[in-house]
Amino acid sequence: MKWLTFTFLAFILMLLLWATSDLPSRANPQSPANVHLSPEFTKLTETEIHVPNIVSAILADFRGYDTLGETFVIFTAGLAVLLVLSSHGRKKKDPPKK
Amino acid sequence: MNQPYESTILKFIAKNFLVPLMVVFAIYVLIHGESSPGGGFQAGAIFASAIILVRLIGANTQTQGSKGLPMPLLIIAASTGLGIYVVTGILAQLFGANYLDYAAIPLQWFNEFAGENRTNRAMGMWIIELGVFLGVASVLVIIFDLLSKDPEND
């Protein structure tokens with residue numbers, strides 16, 4: 001069973017590496033992200049939003065859902081720490097002896 | 001821990017120079033998030049660092065509970081920050097647009113009030129950055145408070 005899992009994971013790894021070779025390189029000006037998305041964002045930031053910072057415009061407006069999710073992640077992290085470490089409402093079973 | 005660090009120059013500089021600078025810089029980063037590098041996350045982190053620095057200076061477990069921000073207030077602030085974000089999105093829906101489409105929210109009265117000429121989208125961005133700022137800052141302080149408190153006597 002262990003070897004089956006290992007073989008399967010190795011197969012997935014090879015598949016992903018093979019698929020990676022088809023991705024456009026990051027600096028390629030002809031890649032779809034650079035041909036379609038970037039000019040659109042630059043243009044819309046100027047015409048629709050009128051803010052100088054394109055990064056903020058993408059973060060807060062075009063990718064608003066993403067930033068909402070990030071805020072939820074941070075809030076959930078705080079809640080988890082609160083639930084794990086808070087001793088509020090916990091019964092004191094045996095007080096420490098001194 | 002009693003008073004051996006009361007008069008060190010490090011503590012003096014931190015209390016009288018660093019903390020006010022960090023608070024002002026956090027608000028600057030928040031407000032100028034659209035026109036220069038910055039935004040809610042960064043401003044929240046800087047503001048939380050200022051509050052945590054205050055707690056480290058007065059690292060006295062007796063005074064921390066009474067002088068620092070109380071935990072319920074911090075939880076309310078974190079929830080309010082997230083709520084501002086979510087409610088802004090729902091508000092756009094109520095005005096007939098998609099979720100988080102700030103262009104539909106009528107914010108022109110604020111432009112006239114402040115004498116500025118900003119689009120609704122820029123205003124909406126600023127509002128959600130404010131929500132992110134509140135959430136990030138209070139969550140960081142919550143985590144610090146919980147990790148630094150004494151579990152034996154609280």
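1. Glu70(A) counts as partly exposed, at 31% relative accessibility, where partly exposed covers the range between buried, under 20% relative accessible area, and exposed, over 50%, with a 1.4 Å probe and protein chains only. The residue Glu70(A) lies in helix H4 of chain A, a helix being a DSSP run of H or I with at least four residues, just as a strand is a run of E with at least two, both numbered from the N terminus. Between Glu70(A) and Asp22(A) there are 48 residues in sequence and 30 Å in space, C-alpha to C-alpha.

2. A word on the basis of these values: this is a predicted model, in which local features need pLDDT of at least 70 and side-chain atom pairs count only at pLDDT 80 or more, while totals for chains, interfaces and linings use all residues. Residues are numbered from 1 along each chain as its sequence is written, chains are lettered from A and ligands numbered from 1 in the order in which they are written, and side-chain values use heavy atoms, with hydrogens and water left out.

3. Chain A has four helices and zero strands, and its pattern along the sequence reads α-α-α-α. Of its 98 residues, 18% are buried. Its accessible surface is about 8,100 Å², with 69% belonging to carbon and sulfur atoms; such areas come from the Shrake-Rupley method with a 1.4 Å probe, and for residues only the protein chains shown count as cover.

4. Where chain A meets chain B, the contact (heavy atoms within 4.5 Å) takes 28 residues from chain A and 33 residues from chain B. The two chains bury about 2,600 Å² between them, 71% of it on carbon and sulfur atoms, buried area being the accessible area (1.4 Å probe) that two parts lose on being put together, summed over both.

5. How many salt bridges are counted between chain A and chain B? The count is one, under the rule that a side-chain nitrogen of Lys or Arg lies within 4 Å of a carboxyl oxygen of Asp or Glu. It joins the side chains of Arg121(B) and Asp61(A), at 2.9 Å from N to O. On the chain A side, helix H2 (32–49), helix H3 (54–62) and helix H4 (64–85) each supply at least two residues that touch chain B, and H4(A) gives the most, with 13 residues.

6. Asp61(A) itself lies in helix H3 of chain A and is buried, with a relative accessible area of 8%. Leaving aside residues up to four places away in sequence, Asp61(A) touches Ile49(A) and Ser56(A) in its own chain, and Tyr102(B), Arg121(B) and Met125(B) in chain B.

7. The whole structure holds five aromatic pairs over all chains, meaning rings of Phe, Tyr and Trp (its six-membered ring) with centres within 6.5 Å, called stacked if the planes are under 30 degrees apart, edge-to-face if over 60, and tilted otherwise. One of them is the stacked pair of Phe25(B) and Tyr28(B), 6.1 Å centre to centre with 25° between the planes. Both residues lie in helix H1 (residues 9–31) of chain B, three residues apart, about one turn of the helix.

8. Another pair, Phe47(B) and Phe133(B), is edge-to-face, at 5.4 Å centre to centre and 65° between the planes. Phe47(B) lies in helix H2 (residues 40–57) of chain B and Phe133(B) in helix H6 (residues 120–148) of chain B, so the pair ties together parts that are 86 residues apart in sequence. Phe47(B) is partly exposed at 22% relative accessibility, whereas Phe133(B) is buried, with a relative accessible area of 9%.
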